[in-house]
Amino acid sequence: MMVTGNAARMPLTPDSLFRPVRTMTATIAAEMGEVAQGSLHFHALFGIGIILFVLTFLINLAAARSIFQKRRRGGLR
Amino acid sequence: MNARFVVQRVGFALLSLIALVVVLPILVIVAIIVVRGVGAISWEFLTTMPHDGMKAGGILPAIVGTIVLTFGTAVAAIPVGVGSAIYLSEYARDTLFTRAIRLAIVNLAGIPSVVYGLFGLGLFVLFLQFGTSILAGSLTLAIMTLPVIISTSEEALRAVPTEYRTVIASLGGTRWQGIRYVVLPQALPGIITGIILGLLRAAGETAPILFTVSAFFLPRLPHSLFDRTMALPYHLYVISTQVPGMPQEIQYGTALVLLMVVLSMNLVATLIRGHFRRRRPW
């Protein structure tokens with residue numbers, strides 16, 4: 001959040017590597033402090049949270065599945 | 001010399017170089033923060049309130065806030081964490097139910113810390129109406145710490161050889177007696193290490209306390225569980241992004257204090273582990 005510059009723009013071109021961007025986590029952290037509770041903006045930030053949660057959940061699920069399968073075949077331990 | 005040994009030499013050299021690259025950033029970070037921040041450290045800096053819009057004075061409320069929050073996290077997370085570790089390693093069979101629990105723990109560990117902050121804001125601050133408070137923050141941090149405590153404690157409990165449990169059973173002891181008087185004491189150093197590592201993560205996090213506890217500028221010590229407080233990581237974030245014209249020395253001084261708190265906790269964990277590992281009978 002401190003080093004990416006936190007600017008809302010789409011990093012679509014190669015030179016974006018050297019330009020500021022904004023991540024989902026930084027958006028929540030930066031905007032939640034100054035948003036009216038119960039407003040559309042407030043709920044939108046929670047929406048970003050849900051997307052983040054689902055993404056990490058799916059990745060973890062995939063990782064856990066491969067571990068469980070290995071265990072069943074006697075691969076791990 | 002045989003060509004394949006040359007290949008092996010080169011490969012090992014490359015691998016050790018990569019290992020060095022991993023260590024280098026840590027050394028550089030510590031060096032930079034110590035060099036730039038050591039000038040700010042004084043008795044006054046550690047024991048007085050900030051003033052002049054945080055540009056002068058000390059960081060006492062942030063230090064106290066971090067200590068209080070870490071303590072609150074410990075009180076909330078340790079019983080639940082160690083309890084579930086005991087259940088998972090000693091009692092639970094491999095059923096769909098325990099798999100679901102394990103999956104939940106793995107997931108809990110992977111969630112971004114801002115999402116914990118949002119969750120704490122939604123549940124503790126707004127729904128349960130704790131308000132922005134030490135209580136809400138400690139509970140949020142405790143939930144974030146749980147997966148670390150559970151997985152390390154479970155690992156420590158599993159490391160105790162099965163024979164210990166068998167012997168207790170052969171002496172007519174119940175399963176609980178075995179756990180209480182033999183397995184748990186044996187696993188304790190591992191469990192303590194896990195707890196310290198978990199709390200360490202909690203002590204250094206900014207995002208979960210952002211909406212649940214943190215006061216931007218509160219030059220007094222917290223009065224009750226429902227009070228807001230400053231905390232070191234959030235204070236550091238505030239003074240390095242939100243306050244124009246902040247003296248760099250105070251920023252790096254604060255970073256140094258935070259680093260020292262976390263590193264000394266880490267050192268204690270390492271010492272405990274080393275101390276008990278040498279005395280372990282197996």
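Select chain A and consider its contacts, a contact being a pair of heavy atoms within 4.5 Å. Of the contacts in chain A with a separation of 6 or more, 22% are between residues 24 or more positions apart. Chain A contains 2 helices and 0 strands; helices (H or I, at least four residues) and strands (E, at least two) are DSSP runs, numbered from the N terminus. Among the 77 residues of chain A, 22% are buried, where buried means under 20% relative accessible area, exposed over 50%, and partly exposed in between (1.4 Å probe, protein chains only).

The model is predicted: local features need pLDDT of at least 70 and side-chain atom pairs count only at pLDDT 80 or more, while totals for chains, interfaces and linings use all residues. Residues are numbered from 1 along each chain as its sequence is written, chains are lettered from A and ligands numbered from 1 in the order in which they are written, and side-chain values use heavy atoms, with hydrogens and water left out.

Next, display chain A and chain B together. Their contact takes 21 residues from chain A and 19 residues from chain B. About 1,800 Å² is buried between the two chains, and carbon and sulfur atoms give 78% of that area; buried area is the accessible area (1.4 Å probe) that two parts lose on being put together, summed over both. Between chain A and chain B there are 0 salt bridges, a salt bridge being a side-chain nitrogen of Lys or Arg within 4 Å of a carboxyl oxygen of Asp or Glu.

Now select A:M32, B:L157, B:I191 and B:F211, the residues with the most contacts inside the largest nonpolar core, which has 77 residues. Such a core is a set of buried Ala, Val, Leu, Ile, Met, Phe, Trp, Tyr and Cys residues joined through side-chain atoms within 4.5 Å. Residues up to four places away in sequence aside, B:L157 touches several others, including B:A85, B:I86, B:V183 and B:I191.

Proceed to helix 8 (residues 175–204) of chain B, where B:T193 lies. B:T193 is buried, at 3% relative accessibility. Beyond its neighbours within four places in sequence, B:T193 is in contact with B:A269 and B:R273.

Then select helix 10 (residues 232–241) of chain B: 8 of its 10 residues are buried, so this helix is largely enclosed by the rest of the structure. Its buried residues include B:L232, B:P233 and B:Y234.

Finally, turn to helix 1 (residues 3–37) of chain B and select B:I18. B:I18 is exposed, with a relative accessible area of 52%.
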